[in-house]
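Biologist: Please put the model up, and I will ask how each label was reached.

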Amino acid sequence: MSTADAPKKPRETDDVPVPATLRKSLKNRHIQLIALGGAIGTGLFYGSSESIALAGPSILLAYLVGGLAIFAIVRALSEMSVEDPKAGAFSYYATRYWSKRAGFISGWNYWFNYILVSMVELSVVGKFVNYWFPAIPTWVSAAVFLVIICAANLLGVSKFGEFEFWFAIIKIVAVIAMIVGGLAVIIFALPTASGVRASFANWFTVGNGFFPNGLMGQNSDGSWTGLLMALVVVMFSFGGTELIGITAGETEDPKTTIPRATNDIIWRILVFYIGALGVIMAVVPWNTIDGKSSPFVQIFDSVGIHAAAGILNFVCLTAVMSVYNSGLYANSRMLYSLAKQGNAPAYLGKLNSRGVPVAGVLTSAAITAIAVVVVFVWPEFAFNYLMSIATIAGIINWTMIMLTEMKFRKVVAAGGAPEDSELAGLSGQEALDAIHFKLPFAKVTPWVVLAFLALVVVLMCFSTSYRIAVIAGVIWLAILFAAYQLTQAKK
C-alpha cells in the first residue's frame, strides 16, 4: 500500500473524536491575541487614573520599567514553554525542575489567585450591565455571565481561543481609536473642554512638570506618592500576561508561536500603555484626571464626543468577560496539571472526548460562584482581605517563575532535559547554548527581576491599601506550606 493510500490520522480538533488528550488547537492568531488581551483590561481603562495621580506624566517611565520586568518574566517562562510545552506551565515546571512542594505551592497559588480575580470581575459585571439595564439585579448578571463563559470553555480549547480572540480585538480597537482620536486633537489643535491646548508639551508644563511628586514623597495626610509608589499600581495592571505559558501545551506550533507572541509583548506595552497614556496626558491635563471617570472617557468628552462613556462601558464589559474566560481556562488547566503531579484529586486530571478537563472547569466555576456570593454578602471582607491575597499572589507567581527558570537551566546543564526535546542527550554549556528561545543575559536577569519584585513588596508596605497584602502574603504562604505537608502526611 502506498503512502497516499495509508489511512490518515484524525486531525486534532475539538469536533473530531480522538483519544482523550489535550488538543493542540490554538493557532498563532489565538496566541497573539491572548497574549495581547492579557495585558489590556480594566486596569488600563480605569485603574490608570490612580497611577497618573501618583506620578503625573512620569508614570510613563513606571510603565516602561514595569513592562521590562514583565517582559523578562514572560521570556523566562517562554524559555521553558518552548522546550517543554505542557499544560499548567508554572506548576509543572516547578515540579519537574525544582520539587514537588514547589509545584504544589506554585499551582495552587496561581489557581487561587485567578479564583479571586474572577470573583472580582464577576462581582462588578453587574455595574456595567446596569449602565443600560438598571433594573437587572447585579447577582443575575454575574450568574448569567458565569454560565455563558463556563459553557464556552466546555466546548473545547479552540472555542476558548476564538472567544478570547474577539474579546481582545474589541479592546485593541478601543485603545487604537483613542490614540488616533487624541493625535487628531493634537495635530489639528481642536479646542478642549479644559481650555488647555492639546500638546505633548503639557507633560512638562502642567502641574509642576514631568516629575510633579518626585521619586517618592509624603502628602500632608501621611500617604506616600511619587514615581516609585506608582510602580506598585503599574505592576498589577500587567497581571495576566503570563497566561501565554499556560497555552503552550495546547498550541499548534509552540516553537514558533510562543517566541513571536512573547517578543511582541514589549511593543504592546509601549503602544497600548505608554502610547495611550501619553496621548491622554497631552490632551487632558494630568492633574484634572481624578478617577471619577475613565481617562479614556475624559479624552473624548473633552472634545464633545459624549457617547464615549457608553462605548467604553461596552469595552469594559467585554474586558471583564475576557478576564473570566482566561481565568477559567487557566484554572482548569492548572487543576489538570496538579492532578497529574499528584498534587490534586485524581478526578481533576480526566479529560472528555474534546480534550477538555471538564472537572477542572466545573470545579473552578463552582468555587468562583461561591466567592462571588461572599462578595455580595460581605463586600468589605471580600475586597479588603481576599483581594489582598490576590494582589500578593501575583508577586509570588512571578517570583517562582524566575526561580524555576534558574532551576531549569541547572537541570538542563546536568543533562536532564526532556526526552522529547532537542536538548536531550546534551549537557553543560552545550545544552544551554542549544536552548531554542533563551532568556537574555540569563545569568543576571533573574536576579535583577527578583530584586525588582522585592522592591515592589517593600513599596507596598508604604501604602495603606497594599500593606495588608504583604501581611496576607506571609500568612498565605504559610497556609500553602502547611497544606502541602498535610497532604503528604495523609499519603
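Biologist: Why is Glu-121 called buried?

Modeller: Buried means under 20% relative accessible area, exposed means over 50%, and partly exposed is in between, with a 1.4 Å probe and protein chains only. Glu-121 has 11% relative accessibility, so it counts as buried. It is found in helix H6 (residues 100-130).

Biologist: What kind of model is this, and how are residues numbered?

Modeller: This is a predicted model, in which local features need pLDDT of at least 70 and side-chain atom pairs pLDDT 80 or more, while totals for chains, interfaces and linings use all residues. Residues are numbered from 1 along each chain as its sequence is written, and side-chain values use heavy atoms, leaving out hydrogens and water.

Biologist: What makes a stretch a helix or a strand?

Modeller: Both are DSSP runs, numbered from the N terminus: helices are H or I with at least four residues, strands are E with at least two.

Biologist: How far from Thr-256 is Glu-121, between C-alpha atoms?

Modeller: The two C-alpha atoms are separated by 32 Å, and the residues are 135 apart along the chain.

Biologist: Why is H6 called oblique to helix H19 (residues 464-490)?

Modeller: Axes are lines fitted to C-alpha atoms, for helices over the stretch in contact, and angles run from 0 to 180 degrees between N-to-C directions. The axes of H6 and H19 cross at roughly 125° and come within 10 Å. Angles under 35 degrees count as roughly parallel, over 145 as roughly antiparallel, 65 to 115 as roughly perpendicular and the rest as oblique. That makes H6 oblique to H19.

Biologist: What is the make-up of the contact of H6 with H19?

Modeller: Contact means heavy atoms within 4.5 Å. Residues making it include Phe-104, Trp-108 and Phe-112 of H6 and Trp-476, Phe-481 and Tyr-484 of H19. Ala, Val, Leu, Ile, Met, Phe, Trp, Tyr, Cys and Pro count as nonpolar, Asp, Glu, Lys and Arg as charged, and the others, Gly among them, as polar. The residues of this contact divide into 10 nonpolar, four polar and two charged.

Biologist: What makes H14 (residues 308-341) oblique to H15?

Modeller: They pack at an angle of about 125°, with their axes 8 Å apart. By the ranges given, that makes H14 oblique to H15. The contact is made by residues including Leu-328, Asn-331 and Ser-332 of H14 and Ser-364 of H15. Its residues divide into five nonpolar, six polar and no charged.

Biologist: How do you know that Ser-364 is buried?

Modeller: Its relative accessible area is 0%, so Ser-364 is on the buried side of the cut-off. Ser-364 is in helix H15 (residues 358-377). Leaving aside neighbours within four places in sequence, it is in contact with Trp-111, Ile-115, Leu-328, Asn-331, Ser-332 and Leu-335.

Biologist: Why is the pair of Phe-160 and Tyr-329 called stacked?

Modeller: Rings of Phe, Tyr and Trp (its six-membered ring) pair if their centres lie within 6.5 Å; planes under 30 degrees apart count as stacked, over 60 as edge-to-face and the rest as tilted. By this rule the count comes to 21 aromatic pairs. The rings of Phe-160 and Tyr-329 have centres 4.1 Å apart and planes at 5°, so the pair is stacked. It links distant parts of the chain, with Phe-160 in helix H8 (residues 157-187) and Tyr-329 in H14, 169 residues apart. Phe-160 is buried at 1%, and Tyr-329 is buried at 0%.

Biologist: Are Phe-204 and Phe-210 buried or exposed?

Modeller: Phe-204 has a relative accessible area of 53%, so it is exposed, whereas Phe-210, with 17%, is buried. The two form a stacked aromatic pair, 5.4 Å centre to centre with 20° between the planes.

Biologist: Why is helix H5 (residues 89-97) described as largely enclosed?

Modeller: Seven of its nine residues are buried, so H5 is largely enclosed by the rest of the structure. Phe-90, Tyr-92, Tyr-93 and Tyr-97 are among the buried residues of H5.
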